[in-house]
Amino acid sequence: MKLKSKKFLCAALASVAISLSVAGCSDDDAKIEKKAEKASASVSTSAEPPVSHQLLNTPVTIAEKQKFEHEFAKQCEQRELKASKNPDADEAAIDKACECIATFLEKDLTAIEAEKFLTEHENAQSLRIKYENAAYHCLQQNAHPAGPDFSRK
């Protein structure tokens, strides 16, 4: 019993000594901060130019919204039909779902998202997030699993 307690005491003292010696090295923090500042400076110079603030306050025109809705629905249908195992049978349901998603996205469309999608052919991160929300909203009507049947027949 005494041998176990001596081993435990030695291990505890060794771990305390190691933790104190590691925590006592404060010079490393200054070096790390300088490296982080250099890295952030290089990232900010090589990153994309800042977003034009004119687009933040610019409302999206009706024509741009309609063009976005049409293009987004077409892209969605092509993507979903390509992934479908039976495109002929799924086409009507996919058309309806993609139109619902595009209409849902069009209601909350910003000028930046419209510009990125229509001119640069890119999807903004905010558009991806809105897409997931719209897909949930449009597809939740059909996605309810059958509940348990508690009737005793």
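Trainee: Which helices do the buried residues of H7 pack against?
Mentor: The buried residues of H7 pack against H4, helix H5 (87-107) and H6. Please keep in mind that this is a predicted model.

Trainee: And which residues of H7 are buried?
Mentor: They are Leu-127, Lys-130, Ala-134, Ala-135 and Cys-138. These residues cover an arc of only 145° around the axis, which puts them on the same side of H7.

Trainee: What does the face turned away from the buried side carry?
Mentor: That face of H7 carries the exposed residues Gln-125, Ile-129, Glu-132 and Tyr-136.

Trainee: How far apart are the end C-alpha atoms of H7?
Mentor: They are 21 Å apart. At 1.5 Å a residue, the 15 residues of H7 should span 21 Å, so the two values agree.

Trainee: Let me change topic to charges. How many salt bridges does the count come to?
Mentor: The count comes to 4 salt bridges. As background, side chains of opposite charge can pair when their charged atoms come close.

Trainee: Are Glu-113 and Lys-130 buried or exposed?
Mentor: Both Glu-113 and Lys-130 are buried.

Trainee: Which residues are linked with them in a network of salt bridges?
Mentor: The network of salt bridges links Asp-108, Glu-113 and Lys-130.

Trainee: What about Lys-116, which residue does it form a salt bridge with?
Mentor: Lys-116 forms a salt bridge with Glu-122, and their closest N and O atoms are 4.0 Å apart. Lys-116 has a relative accessibility of 23% and therefore counts as partly exposed. Glu-122 is also partly exposed, with a relative accessible area of 39%.

Trainee: And which residue does Glu-80 form a salt bridge with?
Mentor: Its partner is Arg-79, with the closest N and O atoms 3.9 Å apart. Glu-80 is partly exposed, at a relative accessible area of 31%. Arg-79 is partly exposed as well, and its value is 35%.

Trainee: Now the rings. How many aromatic pairs are there?
Mentor: The count comes to 4 aromatic pairs. In one of them, the rings of Phe-68 and Phe-72 have their centres 5.5 Å apart and their planes at 25°, so this pair is stacked.

Trainee: How many residues apart are Phe-68 and Phe-72 in H4?
Mentor: They are 4 residues apart in helix H4 (residues 62-83), so about one helical turn separates them. Phe-68 is buried, and Phe-72 is buried too.

Trainee: Why is the pair of Phe-68 and Phe-117 called edge-to-face?
Mentor: The pair is edge-to-face because the planes of the two rings are at 70°, with the ring centres 5.1 Å apart. The cut-off for this class is an angle over 60 degrees. This pair links distant parts of the chain: Phe-68 lies in helix H4 and Phe-117 in helix H6, 49 residues apart. Both Phe-68 and Phe-117 are buried.

Trainee: Last one: which residues do the ring pairs link into a cluster?
Mentor: The cluster consists of Phe-68, Phe-72, Phe-117 and Tyr-131, linked by ring pairs.

Conventions:
Residues numbered from 1 in each chain as written. Predicted model: local features only at pLDDT ≥ 70, side-chain atom pairs only at ≥ 80, totals over all residues. Heavy atoms only, no water. Salt bridge = Lys/Arg side-chain N within 4 Å of Asp/Glu carboxyl O. Buried < 20%, exposed > 50% of the residue type's maximum accessible area, 1.4 Å probe, protein only. Phe/Tyr/Trp six-rings, centres within 6.5 Å; stacked < 30°, edge-to-face > 60°. Helix = DSSP H or I, 4+ residues; strand = E, 2+ residues; numbered from the N terminus. Expected span 1.5 Å × (residues − 1). Arc of directions from axis to C-beta. Contact = heavy atoms within 4.5 Å.
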